[in-house]
Amino acid sequence: MLSKLFAEFIREKQYLNGVSPKTIKYFGYVFSRWNPLIDQFPDKQNIKEFVITLSESGISYFTINSYIRGMNSFLTWLYENEHTPDHLKIKKIKEPKRGLKIYSESELKKILSFRPKTFADHRLYTMICLMIDTGVRIDECLTLRRKEIDLENLLIKVVGKGNKERIVPISLECRKHLFKFLRSHESDYAFPARHGCKVDYKTCLDQLKRTFAPLKVGFHKFRHTFASCYVRDGGNVFYLQRVLGHTDLQTTKIYVADQVEDLKLVHKKTSLLNRLK
C-alpha cells in the first residue's frame, strides 16, 4: 500500500511540480531506505528505526540528513492528502561542525596559470573561470545554453535545483573567456562535448583531477571558495543567497559562520575603540 502511495507521490512531483529526473532518482533512493519497513505506514516508532538504521549503515551525517529531507517531503504529502492523521516530521540529526574546503589563493593562481591546448582543455578552463567568478554549480555549467548568456549586459541565466531559474552577474574578465570559447563551437550548449551534445559530468571531473593533480580538486570546492571570498570581502549575505540560488538563508549563512577568524582580524583593524584609546 505504501509503495503505491509513493509511486503516486512521485507522479505528482514529476508532472505537477516539474521536478527533474535527478530529483526523482533521489526520491527513489530515499524510499529504498524505508525498505525494511516497506508495508508499514510511518509512525513515531518506525521513524526512529528509520533514522537508527541510517546511522548504523555508516553513511555520512550529510547523507543521512539528505535522506531525512526527502522522507519529510513524502510525509508532508501523505498528511496533505489525508493518508495520515498527523503531520509527522523527522528531525535532522546534528552534524559535527567542520570547516568548508576552499581553494587557497596560491592554488587558484596555479589552476588559472594552466594553458589549455585542446577543445576539452579550453572547455574545462572556461567552466572553472565561470565557477570562480559566479559560484554556479557544475551541473548548472553543463546545462547552460548559449542563448542564456548575455555578454552585453554581463548576465547569465542558469537552471538550478528544482528547475529554478536565476540570473547571475559575470565579470568583464569572465566575459572574455566565455566569448572566446563560444566562438570555438556552434552548439546550443555553452560547454558541449566535441560533437555538440551535453558533456558528461564524470568526463569533466576525471579531466579536472587529471589536469590538476596532485592538488585536491573538486568542482563544488570552487562554489565554496566563491561564497567564502564573497563574504570575506564584505558581500551582502542576502545577495549571496540569490546568486547561489539557496532556498534557505541558513544554508548561505554557513559561509558567514566559516569566516569568524577573518571577521576577528577585520574588527581588530577597524575597531573604533582601539583607535580612540
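User: Which residue in strand 2 is the bridge partner of Asp150?

Analyst: The bridge partner of Asp150 in strand 2 is Leu155, where strands and helices are DSSP runs numbered from the N terminus (strands E, at least two residues; helices H or I, at least four). This is a predicted model, in which local features need pLDDT of at least 70, side-chain atom pairs count only at pLDDT 80 or more, and totals for chains, interfaces and linings use all residues. Residues are numbered from 1 along each chain as its sequence is written, and side-chain values use heavy atoms, with hydrogens and water left out.

User: How many bridges join strand 1 to strand 2, and how do they run?

Analyst: Strand 1 and strand 2 run antiparallel and are joined by 2 bridges; two strands pair if DSSP finds at least two bridges between them. They belong to an open sheet of 3 strands in the order 1-2-3, with antiparallel pairing. Strand 1 (149-150) and strand 3 (165-169) are the edge strands, each pairing on one side only.

User: What is the phi of Leu154, and where is that residue?

Analyst: Leu154 has a phi near 60°, a positive value in a residue other than glycine, and its place is in the loop between strand 1 and strand 2. With a relative accessible area of 21%, Leu154 is partly exposed; buried means under 20%, exposed over 50% and partly exposed in between, with a 1.4 Å probe and protein chains only. Glu82 also has a positive phi, of about 60°, although it is not a glycine. Glu82 is found in the loop between helix 4 and helix 5 and is exposed, with a relative accessible area of 73%.

User: And which peptide bond is cis?

Analyst: The peptide bond from Ala213 to Pro214 is cis, with omega near 10°, and Pro214 lies in the loop between helix 9 and helix 10. As background, most residues other than glycine have a negative phi, and most peptide bonds are trans.

User: Moving to the core, which residues touch the most other members of the largest one?

Analyst: In the largest nonpolar core, of 45 residues, these are Leu130, Met131, Phe191, Leu208, Phe212, Phe219 and Phe222; such a core is a set of buried Ala, Val, Leu, Ile, Met, Phe, Trp, Tyr and Cys residues joined through side-chain atoms within 4.5 Å. Several elements give two or more residues to this core, including helix 5 (105-112), helix 6 (119-134) and strand 2 (155-159). Helix 6 gives the most, with 8 residues.

User: What does Leu130 touch?

Analyst: Not counting residues up to four places away in sequence, Leu130 touches Gly135, Val136, Cys141, Leu144, Ile156, Ile170, Cys174, Leu178 and Phe191, with contact meaning heavy atoms within 4.5 Å. There is also a second, separate core of 26 residues, which includes Val30, Tyr67, Met71 and Leu88.

User: How many aromatic pairs does the count come to?

Analyst: The count comes to 15 aromatic pairs, where rings of Phe, Tyr and Trp (its six-membered ring) pair if their centres lie within 6.5 Å, with planes under 30 degrees apart counted as stacked, over 60 as edge-to-face and the rest as tilted. The rings of Phe9 and Trp77 have centres 5.9 Å apart and planes at 65°, so this pair is edge-to-face. Phe9 lies in helix 1 (residues 2-15) and Trp77 in helix 4 (residues 61-80), so the pair ties together parts that are 68 residues apart in sequence. Phe9 counts as buried at 0% relative accessibility, and Trp77 counts as buried at 6%.

User: Which residues form the aromatic cluster with those two?

Analyst: One aromatic cluster is formed by Phe6, Phe9, Tyr26, Phe27, Phe31, Phe74 and Trp77.

User: Last topic: how many salt bridges does a search of the whole structure find?

Analyst: The search finds 10 salt bridges, each a side-chain nitrogen of Lys or Arg within 4 Å of a carboxyl oxygen of Asp or Glu. Asp139 and Lys22 meet in one of them, at 2.5 Å from N to O. Asp139 lies in helix 7 and Lys22 in helix 2 (residues 21-32), so the pair ties together parts that are 117 residues apart in sequence.

User: Is Glu140 buried or exposed, and what does its side chain meet?

Analyst: Glu140 is buried, with a relative accessible area of 1%, and its side chain meets that of Arg166 in a salt bridge (2.8 Å, N to O). Arg166 counts as buried at 10% relative accessibility. Arg137, Glu140 and Arg166 are linked in a network of salt bridges.
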